Amino acid sequence: MHFADPREAREFLAAHPEVRSIELFLIDANGVPRGKLLHRDELLAVYESGRPLPSTILGLTINGDDVEETGLVWDVGDADCWTFPLPGSLTLQPWRQSPTGQVQVSMHPELGLPAAAGDPRHVLQRVIHSLQAEGFHPVMAVELEFYLLDRERDANGRPQPARDADGGRPRATQVYGLRELEQIEPFLADLYAACKAQGLPARTAISEYAPGQVEITLDHGDALAAMDQAIRYKRLVKGVANRHGLQACFMAKPFADLSGSGLHLHVSLADAAGNNLFASEDPAGTPLLRQAIGGMKACLLESLALFCPNANSFRRFQANSYAPLAQTWGVDNRTVSLRVPGGPAASRHIEHRICGADANPYLAAAALLAAVRLGIRERLDPGAPITGNGYAQATQALPSDWLTALRALEGSAWAREALGEDFLKIYLAIKQAEYRAFMGEVGEQDWRWYLNQA
């Protein structure tokens, strides 16, 4: 585990005397940033000797409730667990009204115990190290879709797309529409400026398949760095949206009649010199690429609770919606789950299209790369690629419910070996607690369906 040098803090404080507060944050199992707001005088000590956070911080539900079954609450007396800053994570938060910095921390592998076992970044780092030990260096990139919503709800109390710059409410779906991007130009300008200030490689902006839905691509690079960037980008998008009086929504399916939002993960493997081991004039890639797909297919069901971690995640899986439905792969085909995009031979890679935008990038990438490792080690054959409509040719659909996915993860010997038994205990305890709470809640849909009929 490599933590930041204290010189980083000294140089930041010297360069930004106006900054009085620094947001210290850690990413939990749900991808939620949790932490503290520090005074600038506290920053250097964090770099020199770390900062304790309670063990329960990595044993919380998405709503912030303790889960005793994680073993991180009463069993350990809510112990202090020591965190340290990650290199390059100390930056400004340009969207704040007062000058504020931010620094991302991670649990120390020993001093952070027992919570360190539940740190999602550790899980990804272990998988990457396993691949590197076998001569494979994963390269990844992220495409993350989200909705821009108005803070004002509609007459029924439901969320609605943000108003256009001209004051109107977008209603029509204009995929790839340029006017749609023009209408949110002030937000996009600040978003790109904030990305530049934080060193995040934001690239193409696209208007997606629904009013107010946007996708921005991050550039490819080292897998761990790419997921660090995805985490910080998501935090940044929410902050910039809030500054504009908007809400950035990363739910997988916020609207029943509109497109869901996905987290597309692009992956290839390089050798020690940086050469793409998937590169091939064959559009279907090298045998190594196909073995990687074979592993992804073989582990898909056992990984699904990491790719689709919430009840709402499964509402996204609908036919002809560009959300995947089965263990399928193809070449330059957006109707499959695992796509090999077109392009020059040197750029050959796999696009993993299964995750919802609500997935934790660290855990999604860890599961994906662990599956790639399995496929290569066992030389798994993915079968023939799908051509044409993958929806019509799917023979085995993915589960459409949360509980089935959780049970598949719980019963997976592969996941315990690849991701760590201690981590899985914590993660499953959190998700099972969320499942019980979600199913125990009675709301508007129950009343609408059953109040007068049952």
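Axes here are lines fitted to C-alpha atoms, for helices over the stretch in contact, and the angle between two N-to-C directions runs from 0 to 180 degrees. Keep that in mind for the opening stop. The model is predicted.

**Stop 1: helix 3 and helix 6**

Select residues 120–133, which form helix 3, and residues 223–243, which form helix 6. Two packed helices are described by the angle between their axes and the distance between the axes. For this pair, the axes come within 10 Å. They cross at roughly 160 degrees. Angles over 145 degrees count as roughly antiparallel, so that is how helix 3 and helix 6 run relative to each other. The crossing of helix 3 past helix 6 is right-handed.

Now show side chains. From helix 3, pick Arg121, Leu124, Gln125 and Ile128. From helix 6, pick Ala223, Leu224, Met227 and Asp228. These two sets meet in the contact. By class, the contact has five nonpolar residues, one polar residue and two charged ones.

**Stop 2**

Most residues other than glycine have a negative phi, and most peptide bonds are trans.

**Stop 3: two aspartates with positive phi**

Go to Asp78. Look in the loop between strand 3 (51–54) and strand 4 (80–85). Asp78 is not a glycine, yet its phi is positive, about 50 degrees. Is Asp78 buried or partly exposed? Asp78 is partly exposed, at 33% relative accessible area.

Next, select Asp332. It sits in the loop between strand 13 (329–331) and strand 14 (338–340). Phi of Asp332 is near 50 degrees, again a positive value in a residue other than glycine. Asp332 is partly exposed, with a relative accessible area of 49%.

**Stop 4: helix 11**

Select residues 402–410, which make up helix 11. Which residues of helix 11 are buried? Colour Trp402, Ala405, Leu406, Ala408 and Leu409.

Then bring up the partners. What do the buried residues of helix 11 pack against? They pack against helix 8 (300–307), helix 12 (413–419) and helix 13 (421–439). Show those helices together with helix 11 to finish the tour.

Definitions and conventions. Residues are numbered from 1 along each chain as its sequence is written. This is a predicted model: local features need pLDDT of at least 70, side-chain atom pairs count only at pLDDT 80 or more; totals for chains, interfaces and linings use all residues. Side-chain values use heavy atoms; hydrogens and water are left out. Helices (H or I, at least four residues) and strands (E, at least two) are DSSP runs, numbered from the N terminus. Angles under 35 degrees count as roughly parallel, over 145 as roughly antiparallel, 65 to 115 as roughly perpendicular and the rest as oblique. A crossing is left-handed if the near helix is turned anticlockwise from the far one by less than a right angle, and right-handed if clockwise. Contact means heavy atoms within 4.5 Å. Ala, Val, Leu, Ile, Met, Phe, Trp, Tyr, Cys and Pro count as nonpolar, Asp, Glu, Lys and Arg as charged, and the others, Gly among them, as polar. Buried means under 20% relative accessible area, exposed over 50%, partly exposed in between (1.4 Å probe, protein chains only).
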